[in-house]
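Here is a friendly note to read alongside the structure.

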Amino acid sequence: MGKDFHLAMECVSCHKGDDKKETKESAHAGFIAKPSDNLKNCGICHKKTALNYTNALHYTSLGQHEGVKHRFSAEELKTFDSKVFEQSCRACHASCGSCHVKSPPVGGITTGLLQGHKFVKKNEGKTCASCHGGRVYPEFTGEYGGTPDVHYQKGMVCVDCHKKTEMHGDGTMYKSKQEVKDRPQCLSCHKNRKYQIAHELHKDTVSCQACHSSGQYRQCYSCHTESGSTSKPDFILGLNPRDKKTLTTLRLIPTIRSTFNKAGIKMENFDALPNYWDSSVHNIKKRTERTRSCDSCHVAKEGFLKREMLIKDGSKANEELIYNIKPINK
Amino acid sequence: MKRMKWLKAVVIVIALLLPLTAMARGIDPLVSTDWLQKNLKNAKIVIVDVRKVEDYQAGHIPGAVNVFYGSWAIKKGDLLNELPPIDDLADVIGGAGIDKNSLVVIVGITEKVPNQFDMTRVAWTLKYVGVANVAILNGGYTLWVKENKPVSQDAVKAKAKPFKAAVNKGLFVDKAFVISEIGKATIIDTRGPAFYEGKEKLEFVPKLGRIKGAVNLPVGQLYTPEGLYKAKAELAALAEKAAGKDMSKEIIVYCDTGKTATAWAFIMTDMLGYKDVKVYDGSSQEWLADPNASIEP
């Protein structure tokens, strides 16, 4: 207890209430359960971090906003902002305590204090894994998909790649993670490796994970929809919707035409965005079916998005992601 | 006279080979927490902690390297707990600082099923690729902590060694092999009696039933109520009841996915001296999905 400066302070310093009162009711008058919901409380000591964090994507949840807003007309966007984003998406924002004191609530449920009431620097298994526990984290550990990421096998966890500026922000309010320049890149660590021929040939046209993803990862079909959620594992290769020229791993995201019906939003521009998005899947392996054999892609076309695979009544933009790979001219 | 000379030669050869036999196992297959504590500084021992990375980071046996269970057994298609490709396994083993002469102690947890069988699955896999001197920690990390033995939070970075697998193909067998041995080998179903009798099944196992002709030797019988392995004599009696007295007879063990069966395979081979125990890696998950496979009841 003594080593943690926070715990040297009185409880009321953060949680308010009155510890001099004799009854529970009077002592808890004005009690604040989660003091870090107000970043100014942490900002008293951690001024710069708290200030940066007010603009960080983990706090603003703007990535979710940016991810869907182009499907809306101007009027629909207003409805979305007031009826959906502020009331639903924004509820996911993490406060300081969500990562440093108590696991963040997911669906209203938290796994509790991380280590008593100690303030911990990091505990990925109980924090990152809570919010990113549907896709990224269980794929990373192999609990979903069945093959752990090679980095996890080597003892690495989230913050070994995702540095604290990614968590706390750098002070700029980004619209989405795509705008953030200082994000983990494979080449940051693997830049000194001598290129093999395959690397040299594919380096500008194929993402690293397209070859080095070990295989199936979670594809989401109807989360956030009226019909409840379903998912299944699959491996999908197609063109990156952000540049339409790089072959990469695609993940089916769950926004379908009826997703916002309850809010009265029909998504007039639904077809402006695809349902499949580039995903830096976290199930990397040194050797995969594709690294072992060129034929896996160039002959068998394994995993490639095909017209007949596209989801029913999906976005018209999905078709633009289909890539017809050619055989190798030997 | 000639016959006497021949007999003498045989006796001499046996006498010369006996010490080698003793050397074949440089470590008991089951080591106690007390033994491991006394041997923590033994440079020949590689302690391999197969728990999750986060759990290892929170605390581990001093000097233990972490090689998460998922590195040793992967999902292939629908089948769980399958062998990774040999070159991947060799990378994992060499990266942990293990070579074929290492004395390896596997550490996992024992409080949860099926995780308590991670240790024997890893041990069997190491034997499969040619690392003979493998032990598992009786009681695992669970007991180590319960006994308040020292723990460390300093992650150990192993000094990698080149490792070339020398595969013992007979230790893991596939469905075609099991089909070919029905009626010849003793096939042991190591699942609980209700599973063996076709009354229950796990969700991912396609249907009820067992391999035709299999006998039952549940893995639950291996342990005391405290979760430790029973004494050798008791285990020998249980094994003999199911597998018979012939230590050389071919035995094929299986379970739901090929993990828990390794517990009996390891004990029968490395503790009790059975000479020919094989693990059917696909196990019930694969066998019971095949409409043409021989099933009973």
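1. Let us start with some strands of chain A. Strand E3 (residues 237-239) of chain A and E4(A) run antiparallel and are joined by three bridges; strands count as paired if DSSP finds at least two bridges between them. Within this pairing, A:Leu239 has A:Leu247 of E4(A) as its bridge partner. Helices (H or I, at least four residues) and strands (E, at least two) are DSSP runs, numbered from the N terminus.

2. Before going on, please keep in mind that this is a predicted model, in which local features need pLDDT of at least 70, side-chain atom pairs count only at pLDDT 80 or more, and totals for chains, interfaces and linings use all residues. Residues are numbered from 1 along each chain as its sequence is written, while chains are lettered from A and ligands numbered from 1 in the order in which they are written.

3. E4(A) also has a partner in strand E5 (residues 276-278) of chain A: three bridges join them, and they run antiparallel. Here A:Leu250 stands opposite A:Asp278 of E5(A). Five of the six residues of strand E4 (residues 247-252) of chain A are buried, so the strand is largely enclosed by the rest of the structure. Buried means that 20 or more other C-beta atoms, placed from the backbone, lie within 10 Å of the residue's own; 12 or fewer makes it exposed, and in between it is partly exposed.

4. Which residues touch the most other members of the largest nonpolar core? They are B:Val48, B:Val104, B:Ile106 and B:Trp264, in a core of 89 residues. Helix H10 (residues 261-271) of chain B gives the most to this core, with seven residues. A second, separate core has 16 residues, including A:Leu247 and A:Leu250. A nonpolar core is a set of buried Ala, Val, Leu, Ile, Met, Phe, Trp, Tyr and Cys residues joined through C-beta atoms within 7 Å.

5. Now look at the open sheet of chain B, where five strands lie in the order E1-E7-E6-E2-E3 with parallel pairing. Strand E1 (30-31) and strand E3 (65-66) of chain B are at the edges with a single partner strand each, so one side of each has no neighbour in the sheet. B:Ile136 in E7(B) stands opposite B:Ile106, and B:Leu30 stands opposite B:Ile136 too. E7(B) is covered on both faces, with B:Val134 and B:Ile136 buried on one side and B:Ala135 and B:Leu137 buried on the other.

6. In helix H4 (residues 86-95) of chain B, the residues B:Leu89, B:Val92 and B:Ile93 are buried. They cover an arc of only 95 degrees around the axis (taken from the directions from the helix axis to the C-beta atoms), which puts them on the same side of H4(B). The buried residues of H4(B) pack against helix H11 (150-153) of chain A. Just after H4(B) comes B:Gly97, with a positive phi of about 80 degrees.

7. Finally, the domains of chain B: the assignment, which is automatic or from a database, gives domain 1 (24-146) and domain 2 (169-296). Taken over C-alpha atoms, the centres of these two domains of chain B are 22 Å apart. Their contact takes 19 residues from domain 1 of chain B and 21 residues from domain 2 of chain B, contact meaning C-beta atoms, placed from the backbone, within 7 Å. H5(B) gives the most to the side of domain 1 of chain B that touches domain 2 of chain B, with six residues.

Note on methods: Contact = placed C-beta atoms within 7 Å.
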